[in-house]
Amino acid sequence: MSKSPIRVTVTGAAGQIGYSLLFRIASGEMLGKDQPVILQLLDLPQAQKALAGVIMELEDCAFPLLAGVIATDDPAVAFKDTQAALLVGARPRGPGMERKDLLAENAKIFTVQGAAIGQYAAPDCRVLVVGNPCNTNAYIAKESAKKFGRVPSKNFTAMLRLDHNRALSQLSSKTGRPVSSLKNLIVWGNHSPTMYADYRFVTSNGDKVKALINDEAWNRDVFLPTVGKRGAAIIEARGLSSAASAANAAIDHMRDWFLGSNGEWVTMGIESDGSYGIPEGIIYGVPVITANGEFKRVEGLEIDEFSREKMNFTLKELEEERAGVADLLG
Ligand code: NAD
Ligand code: LMR
């Protein structure tokens with residue numbers, strides 16, 4: 001018997017990430033090759049014409065799993081009964097900007113959309129915030145939904161998977177080991193240059209990657225800055241921020257959350273429960289294992305002095321961002 005469709009909301013659907021994302025969701029790459037989906041696409045009124053064109057292209061793919069498409073500029077319609085919400089719609093940064101420079105402009109979007117999720121989404125809705133600064137936008141959405149007591153706060157997550165994938169790729173080039181062999185990577189903290197990509201626990205076919213590399217200067221002076229500043233390097237090269245790799249990371253994040261990570265560690269920005277010295281409530285990148293539609297934080301890892309310093313540094317930035325939006329949340 002075929003499964004009933006899952007409603008998937010994508011905001012900013014007419015934008016560049018949307019264009020790389022929607023076709024892959026509709027083809028079953030996110031929720032499974034046997035799972036029909038209904039796409040509920042939100043964008044601004046002025047983007048509806050472009051969105052209509054994207055929908056024509058979706059129709060022209062004749063995806064067997066695409067059970068319906070709704071286009072709207074109304075969050076109440078877009079989030080109605082949705083079980084998977086990908087919050088992409090926001091202004092991207094340009095050259096010379098940091099992601100937190102977008103906070104003033106983008107924060108309001110996530111207050112409105114968080115409240116709409118709180119009122120209209122399915123109670124088990126899983127939310128991924130991609131729009132930057134994504135950790136603090138996820139925090140805003142979570143806090144805005146909270147007062148409706150419908151969708152649990154733990155279901156609001158931020159995307160650090162792009163950083164995770166970037167770090168995997170750098171480690172693979174450095175060691176010559178295939179990406180698929182690399183296990184137990186973590187990216188702690190904020191999706192910003194302060195993030196801490198931590199390969200202390202990474203193994204490749206049983207070998208410790210830290211011992212294979214055995215070069216602390218490379219870690220400090222090459223690896224961390226390369227991963228942390230990759231978004232800016234792409235903006236510099238393309239004149240536009242990353243889109244296909246961002247859409248790919250969003251698919252990875254949601255697929256693993258819904259379908260499981262097969263026992264492997266993946267990085268998700270999730271609400272802190274106080275572990276690892278991260279104050280409760282902050283949305284912070286941590287290692288998780290996903291199974292049965294749930295994520296579970298990897299607990300009890302040793303935090304050495306270098307790591308503590310890095311983790312506190314990215315935390316401080318998140319605390320500053322949180323203080324910056326306190327007024328908005330009342
Ligand atoms: P884009 O400008 O191409 O598209 C953004 C879309 O959002 C546009 O269609 C716009 O009309 C729409 N939009 C704006 N405000 C909206 C609102 N209130 N409701 C619904 N739609 C709205 O941008 P993009 O390249 O697709 O990037 C989108 C966001 O994703 C940016 O904030 C960017 O910085 C961020 N991003 C995050 C990551 C990550 O790893 N977390 C990676 C890449 C990009
Ligand atoms: C990225 O990391 O590529 C995105 O967050 C876009 C950006 O502004 O860097």
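Trainee: Which helices each supply at least two residues of the shell around ligand 1?

Mentor: α1 (16–26) and α4 (103–120) do. Helices here are DSSP runs (H or I, at least four residues), numbered from the N terminus. The model is predicted: local features need pLDDT of at least 70, side-chain atom pairs need 80 or more, and totals for chains, interfaces and linings use all residues. Residues count from 1 along each chain as written, chains are lettered from A and ligands numbered from 1 in written order, and side-chain values use heavy atoms, without hydrogens or water.

Trainee: How many residues surround ligand 1, and which are the closest?

Mentor: 25 surround ligand 1 (a heavy atom within 4 Å). The closest are Q16, I17, D43, V130 and N132.

Trainee: How does that shell divide into nonpolar, polar and charged?

Mentor: Around ligand 1 there are 13 nonpolar, 10 polar and 2 charged residues. Asp, Glu, Lys and Arg count as charged; Ala, Val, Leu, Ile, Met, Phe, Trp, Tyr, Cys and Pro as nonpolar; the others, Gly among them, as polar.

Trainee: What about polar contacts? Which part of R91 is involved, backbone or side chain?

Mentor: Backbone. A polar backbone atom of R91 is 3.1 Å from an oxygen atom of ligand 1. A polar contact here is a pair of N or O atoms within 3.5 Å. The H191 side chain has an N or O atom 3.1 Å from a ligand 1 oxygen. Q113 puts a polar side-chain atom 3.3 Å from a nitrogen of ligand 1.

Trainee: How much of ligand 1's accessible area does the protein cover?

Mentor: 86% of the 870 Å² that ligand 1 has on its own (Shrake-Rupley, 1.4 Å probe).

Trainee: Switching to ligand 2. Which residues are around it?

Mentor: R93, R99, N132, L162, R166, H191, G231, I235, S241 and S242. That is 2 nonpolar, 5 polar and 3 charged by class.

Trainee: How far is R93 from an oxygen atom of ligand 2?

Mentor: A polar side-chain atom of R93 lies 2.5 Å from that oxygen. For R166, a polar side-chain atom is 2.7 Å from an oxygen of ligand 2. For R99, a side-chain N or O atom is 2.8 Å from a ligand 2 oxygen. The protein covers 94% of the 260 Å² of accessible area that ligand 2 has on its own.

Trainee: And which helices each give at least two residues to the ligand 2 shell?

Mentor: α6 (161–175) and α9 (230–238).

Definitions and conventions. Polar contact = N/O pair within 3.5 Å; in protein donor to acceptor, adjacent residues only side chain to side chain.
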